[in-house]
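Student: I am new to this structure, and I would like to learn how to read it feature by feature. Could you take me through it slowly?

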Amino acid sequence: MMNAEPVDEADLHAYVDGRLEPARYAAVEAYLEANPTERQRLADYRAIDAELHRLFDPALNEPVPASLRLPPMRRWTTAPVWLARAAAAAGFMLFGGALGWFAHERVQQPLVADRAFVRQALAAHVVYVPEVRHPVEVDAGQQQHLVAWLSKRLGTAIRAPALESLGFQLLGGRLLPADGKPAAQFMYQDAGGRRLTLYVRGLADNRDTAFRFAEQDGIGAFYWVDGDLAYALIGDLDRPSLDQAAHAVYRQLNP
Amino acid sequence: MADFAQLVTEQIPRLRRYARALVGAQRADDLVQDCLERAWSRRRLWDGQGELRAWLFTILHNLYVNDVRRQASSPALESLPEEEPPALAPSRHEAALDLRDLQRALDHLSPEQREVLLLVGLEQLDYAETATVLNVPLGTVMSRLARAREALRRVLREPPRARLRRVK
């Protein structure tokens, strides 16, 4: 038997963290199938992680105070605290806005989709977004399974980012073909019925991580490549909203 | 070195998030500032190849450890429960996890457990990176992670007395 090694505690944590080797998924899934209390325990661990993000992720979005700059200024130890604070505040006005950490990479004018994976992502978006009854293969009710399944098929741990803060709920996802390899599509919907898709596929030998925008037939796509995964977030939204959603996705995937 | 400054600057939000979860909002920025100063003074030691984020977290960790040692007389840090948390009594009707107290529950963890939990669960470093940052073996990362998660789960299921008012 392959994978006959018993499931241990490290496997379970790797499962929670999306770091389980694909070859071990089946064994862990079988173990959890037979042990519902263990499944609950892992769900609790995930809930703790999610709450950590809810509590502390706001720190990612705050403007960075001027005191935390490089090269660092020697701390003003002899000056009264209020003076240091005033200086910091003044510095902040000049400096605070400059820290969007990929603003410098953003291309200002809309581009045509110059990358194959973006065209594939747009095509998948156009095909599945109008679906009323079957927009997704696996719905968000089985999110854990969905993510595990797509991770397994892509051969790397992927996640479905949470976009509730922007009013978008995860509907679910599906597996798609892309040049003979698997790709994943997650679909989101807001209360007004607007839909977003996040397309993820593997892309070998690519170090490009620029954050780009493309537009095709009125549908906008933000896309980027991170390590060996390519992402495209697509929606029929105004560009600032889509930009905001793309930033939220990017931050969650690159915390 | 312009690149170095830029790369480090990009990591500041993450360093702040980690520091805030680790030592609280009041002390977090001091810790991050110390980390940045030290990183800057040692910038020639960074080989330009490795994962900069892990390098920065390593510096921050070392500063944090010194900080913890300095305050070792503080009672909050003396009770370091490195032992296994008592197993949960198996029950079919376990209380649901109440996450509202998570921030306070973090205080129940030893600094070592808290760091592993935050690096893995919040910062999403992989286990090997976490082991590098903390300068401990991989197995220690895994056992601390397991203990931290189970201890938190226990605390969040058996909440402080305040909860009793709501239940009864």
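**Reading the strands and helices**

Tutor: Let us begin with two paired strands: β2 (residues 168-178) and β3 (residues 181-190) of chain A run antiparallel and are joined by 10 bridges. Strands here are DSSP runs of E with at least two residues, helices are runs of H or I with at least four residues, and both are numbered from the N terminus; two strands pair if DSSP finds at least two bridges between them. As one case, A:L176 has A:A183 in β3(A) as its bridge partner.

Student: Before we go on, what kind of model is this, and how are its parts numbered?

Tutor: It is a predicted model, in which local features need pLDDT of at least 70 and side-chain atom pairs count only at pLDDT 80 or more, while totals for chains, interfaces and linings use all residues. Residues are numbered from 1 along each chain as its sequence is written, and chains are lettered from A and ligands numbered from 1 in the order in which they are written.

Student: In what order do the strands of the sheet in chain A lie, and which stand at the edges?

Tutor: The 7 strands form an open, antiparallel sheet in chain A, in the order β1-β2-β3-β4-β7-β6-β5. At the edges stand β1 (138-139) and β5 (212-216) of chain A, each with a single partner strand, so one side of each is left without a neighbour in the sheet.

Student: Which helices of chain A lie across these strands?

Tutor: For such a question one compares axes, which are lines fitted to C-alpha atoms, for helices over the stretch in contact, with angles from 0 to 180 degrees between N-to-C directions; two residues are in contact if their C-beta atoms, placed from the backbone, lie within 7 Å. Helix α7 (residues 143-154) of chain A lies across β1, β2, β3 and β4 (195-202) of chain A, at about 25 degrees to β2(A), and helix α8 (residues 239-253) of chain A lies across β4, β6 (219-226) and β7 (229-235) of chain A, at about 25 degrees to β6(A).

Student: How many helices and strands does chain B have?

Tutor: Chain B has 9 helices and 0 strands, whereas chain A has 8 helices and 7 strands.

Student: How is the length of a helix checked, taking α6 of chain B as the case?

Tutor: The expected span is 1.5 Å times one less than the number of residues. The 12 residues of helix α6 (residues 111-122) of chain B should therefore span 16 Å, and the end C-alpha atoms are 15 Å apart, which agrees.

Student: Is α6(B) mostly covered or mostly uncovered?

Tutor: A residue is buried if 20 or more other C-beta atoms lie within 10 Å of its own, exposed if 12 or fewer, and partly exposed in between, with C-beta atoms placed from the backbone. Helix α6(B) is mostly covered, with 10 of its 12 residues buried, among them B:V116, B:L117 and B:L118. Just after α6(B), B:Q124 takes a positive phi of about 55 degrees.

Student: How many residues does each chain give to the contact between them?

Tutor: Chain A gives 28 residues and chain B gives 34 residues. On the side of chain A that touches chain B, the largest share, 10 residues, comes from α3(A).
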